[in-house]
Every structure is written in structure tokens, then in C-alpha cells.
Amino acid sequence: MQQPFETAVTEHGPTVQRVVRAVLGPGPDADDAWSETFLAALRAWPDLPADTNVQAWLVRVAHRRAIDVTRGTARRAAPTDTLPERPATTGLPGSGDPELWAAVAALPTRQRLALAYHYLGGLRHTETAELIGGTPEAVRRAAADGIRTLRRTLAPEGAPR
């Protein structure tokens with residue numbers, strides 16, 4: 001029997017939040033992608049096969065929503081005469097270490113996506129390769145390169161690199 005939708009939101013909501021924040025950065029775009037992910041999931045929920053890996057399915061939906069948000073952002077003009085409000089970090093997964101999130105945001109796109117979908121979203125390398133293109137081996141390599149870059153960037157002073 002399929003679990004209630006509310007249970008899926010509670011159980012997988014933080015994972016989806018981490019993924020969209022890693023892909024889009026913290027802020028309203030990630031919040032919008034999270035909301036749109038679960039709205040789309042709610043519409044498709046009754047027809048979802050009982051043996052579906054719900055977390056992987058939700059990460060795929062989040063991936064598509066993140067692409068939609070990115071495309072929409074690229075089309076809109078951004079005002080520059082006023083400073084944007086600082087996003088609230090209360091209760092957001094991963095908000096405790098801004099240096100880490102800045103380092104993740106600075107990674108090349110393929111490395112950042114491979115890390116987001118594999119490590120934060122829990123997808124296998126084969127599933128991640130289907131989402132971002134390429135082979136599972138290339139995705140595995142991109143994820144490993146991203147982790148190595150993060151370790152070098154975030155290593156304490158004097159630690160071997």
C-alpha cells in the first residue's frame with residue numbers, strides 16, 4: 001500500500017530542500033522549486049505505482065522544477081537599484097554552515113549537480129547520469145572531483161591537502 005502523501009512530504013521534504021538549495025542556491029528560487037515539486041507530486045500521487053522509490057522520484061521532480069526555475073530566472077530582469085532581502089535561515093536544512101554552501105555553489109555545474117543528486121538526493125550514479133547526462137562513470141568522477149575540491153577548500157589551516 002502506498003504511504004499517505006503527507007508522510008512523503010514529512011519524510012522526504014528535507015532531502016528535496018537540500019537538493020534544490022544545492023542546485024539553485026538558498027533563497028526564494030529554491031523555496032519555489034520545493035513548493036512546485038510537491039504540488040506536482042500531489043497531482044501525480046494517486047497514479048504512482050506502489051513499488052516506486054519515492055525519494056528518487058521526488059528528486060527527479062525537483063530536478064525538473066529546478067530547471068524550470070533556472071530558465072524562468074534567466075528570462076526575468078533583476079533590479080539592481082535595491083539590495084535583496086537576506087533569506088531567513090531558521091529551520092532550513094544545511095543552513096548552519098554558510099562557508100560549506102558557498103564552496104558548493106562555487107563548484108563547476110556538473111560537480112555540483114552530481115553531489116546534489118547523489119549525496120544529498122540519495123540517487124544512484126546511474127540515476128544521476130540520466131538526469132544530468134553522461135555515463136555513470138563520468139558522474140562518479142564528477143562527484144569525486146567535487147568532494148576533493150570541497151575537502152581542499154574547507155581544510156583547516158595547516159592541514160595536509
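Is Ala 22 buried or exposed? At 5% relative accessibility, Ala 22 counts as buried, where buried means under 20% relative accessible area, exposed over 50% and partly exposed in between, with a 1.4 Å probe and protein chains only.

Before I continue, a word on the basis of these values. The model is predicted, so that local features need pLDDT of at least 70 and side-chain atom pairs count only at pLDDT 80 or more, while totals for chains, interfaces and linings use all residues. Residues are numbered from 1 along each chain as its sequence is written, and side-chain values use heavy atoms, with hydrogens and water left out.

Let me turn to the overall fold. The chain has 7 helices and 0 strands; helices (H or I, at least four residues) and strands (E, at least two) are DSSP runs, numbered from the N terminus. Of the 161 residues of the chain, 39% count as buried. Among contacts between residues at least 6 apart in sequence, 64% join residues at least 24 apart, contact meaning heavy atoms within 4.5 Å.

I return to Ala 22, which is found in helix H1. Leaving aside neighbours within four places in sequence, Ala 22 is in contact with Trp 101, Arg 112, Ala 116 and Leu 120. Ala 22 and Ala 116 are 94 residues apart in sequence, yet their C-alpha atoms are 5.8 Å apart in space.

The buried residues of H5 include Arg 112, Ala 114, Ala 116 and Tyr 117. The buried residues of H5 pack against H1 (5-24), H3 (54-75), H4 (98-106), H6 and H7. After H5 comes Gly 122, with a positive phi near 75°.

Next, the interior. A nonpolar core is a set of buried Ala, Val, Leu, Ile, Met, Phe, Trp, Tyr and Cys residues joined through side-chain atoms within 4.5 Å. The largest such core has 23 residues, of which Val 23, Ala 114, Tyr 117, Leu 123, Ile 132 and Leu 150 touch the most other members. H1, H3, H4, H5, H6 and H7 each supply at least two residues of this core, and H5 gives the most, with 5 residues. Apart from this core lies another, of 17 residues, among them Val 16, Ala 30, Val 61 and Ala 62.

How do helices H6 and H7 cross? The axes of H6 (residues 125-132) and H7 (residues 136-154) come within 8 Å and cross at roughly 95°. Axes here are lines fitted to C-alpha atoms, for helices over the stretch in contact, with angles from 0 to 180 degrees between N-to-C directions. H6 is therefore roughly perpendicular to H7, a term covering 65 to 115 degrees. On the H6 side, the residues that meet H7 include Ala 129 and Ile 132, and their partners include Val 139 and Ala 143.

Finally, two exposed positions. Glu 130, found in H6, counts as exposed at 56% relative accessibility. Gly 134 lies in the loop between H6 and H7 and is exposed, with a relative accessible area of 57%. Not counting residues up to four places away in sequence, Gly 134 touches Arg 110 and Ala 129.

Definitions and conventions
Angles under 35 degrees count as roughly parallel, over 145 as roughly antiparallel, 65 to 115 as roughly perpendicular and the rest as oblique.
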